[in-house]
Amino acid sequence: MCRLLGVVSSETTHFGLTLHEAPRSLAMLSAEHPHGWGLAVHRRETGWDVHKHAVRAGDCPHFRALAASARGEVLVAHIRKRTVGPVGRENTHPFRRGRWVFAHNGTIEDIGWFAARASAERLREVEGETDSERFFAFLLTALDEAGDDRARVDAALARRVDQALAHPGLGAANFLLSDGASLWAFRAGRTLHVLTRLPGDEVVPSRRSHETDAELLTPWSPQRHAVLIASEHLTDEPWGEVAEGTLLRVDAGPAPEPRVVRSPRG
């Protein structure tokens, strides 16, 4: 089982707190998820910057360096506990196809069913052996017909997750998907939580590291408006649980908010 983290912020943000410094940061969680890590950071001026390594995040100097320097408005991060496919960079999330970035948490049982509903073009892009990358191809096949319109993208994704949930061989398919302008999050079979930080919310000025006992300064400003979506609570703030079967969308901009695209009732 893997761990996911997505962040959408109203302004360029230093992501170090959630990657390495928070009490339940990805570096801390990687002790139980040692088979690779990946970060995709989007900045309005430069687009996606994706880094992946097939090693445990907490032991990796590259991860520590990126946790200290990663800055952008959208983050998609993943740490892997291998189930399908060997340990290797080609099987490490997030996966990128053009403007789209995707990370998955769970194991899809009947991946052949989903691959059979992906286009030949998207399947030719698959580089590794994971169920996740083939599920990404399944989603992209619908997105290719939707274009850039948010309403059409929402409808295409809702149809795809409806199909997935109706199939008895789905297994677990939590995912984060982003084109840099929006972040979609879906829960199916694993835990998922959301936190909205509003301007004026109290920002803890410092906290003590569970790893080193050092005091750490929080880089988040009280003016920042942000939404965080993660497999579990990363901080001691009031996270809310995303209901099973829910598809959310968070748009980048001055006031990001989680919006329900598909409710548990379908």
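## Strand pairing and aromatic contacts

His 42 stands opposite Trp 48 in S3. This is a predicted model, in which local features need pLDDT of at least 70 and side-chain atom pairs count only at pLDDT 80 or more, while totals for chains, interfaces and linings use all residues. Residues are numbered from 1 along each chain as its sequence is written, and side-chain values use heavy atoms, with hydrogens and water left out.

Strands here are DSSP runs of E with at least two residues, numbered from the N terminus. Two strands pair if DSSP finds at least two bridges between them. Strand S2 (residues 37-43) and strand S3 (residues 47-53) run antiparallel and are joined by seven bridges. They form a hairpin with three residues between them. S2 also pairs with strand S4 (residues 71-79), again in the antiparallel sense, and Trp 37 has Ile 79 in S4 as its bridge partner. Six of the seven residues of S2 are buried, where buried means under 20% relative accessible area, exposed over 50% and partly exposed in between (1.4 Å probe, protein chains only).

Strand S14 (residues 247-251) is largely enclosed by the rest of the structure, because four of its five residues are buried.

| Strands | Bridges | Opposite residues |
|---|---|---|
| S2 and S3 | seven bridges | His 42 and Trp 48 |
| S8 and S14 | five bridges | Ala 185 and Leu 248 |
| S14 and S15 | four bridges | Arg 249 and Arg 259 |

In the hairpin of S14 and S15, six residues lie between the strands, and Gly 253 takes a positive phi near 155°.

The structure holds 10 aromatic pairs. Rings of Phe, Tyr and Trp (its six-membered ring) pair if their centres lie within 6.5 Å; planes under 30 degrees apart count as stacked, over 60 as edge-to-face and the rest as tilted. The ring centres of Trp 113 and Phe 114 are 4.8 Å apart and the planes are at 75°, so this pair is edge-to-face. Phe 114 is buried at 0% relative accessible area.

Phe 175 and Phe 186 form a tilted pair, with 5.4 Å centre to centre and 40° between the planes. This pair links distant parts of the chain, 11 residues apart: Phe 175 lies in strand S7 (residues 174-178) and Phe 186 in strand S8 (residues 182-186). Phe 175 is buried at 0% relative accessibility, and Phe 186 is buried at 0%.

One aromatic cluster is formed by Phe 102, Trp 113, Phe 114, Phe 135, Phe 136, Phe 138, Phe 175 and Phe 186. The charged end of Arg 160 sits over the ring of Phe 138, 4.1 Å from its centre (NZ of Lys or CZ of Arg within 6 Å of the ring centre and within 35 degrees of the ring normal).
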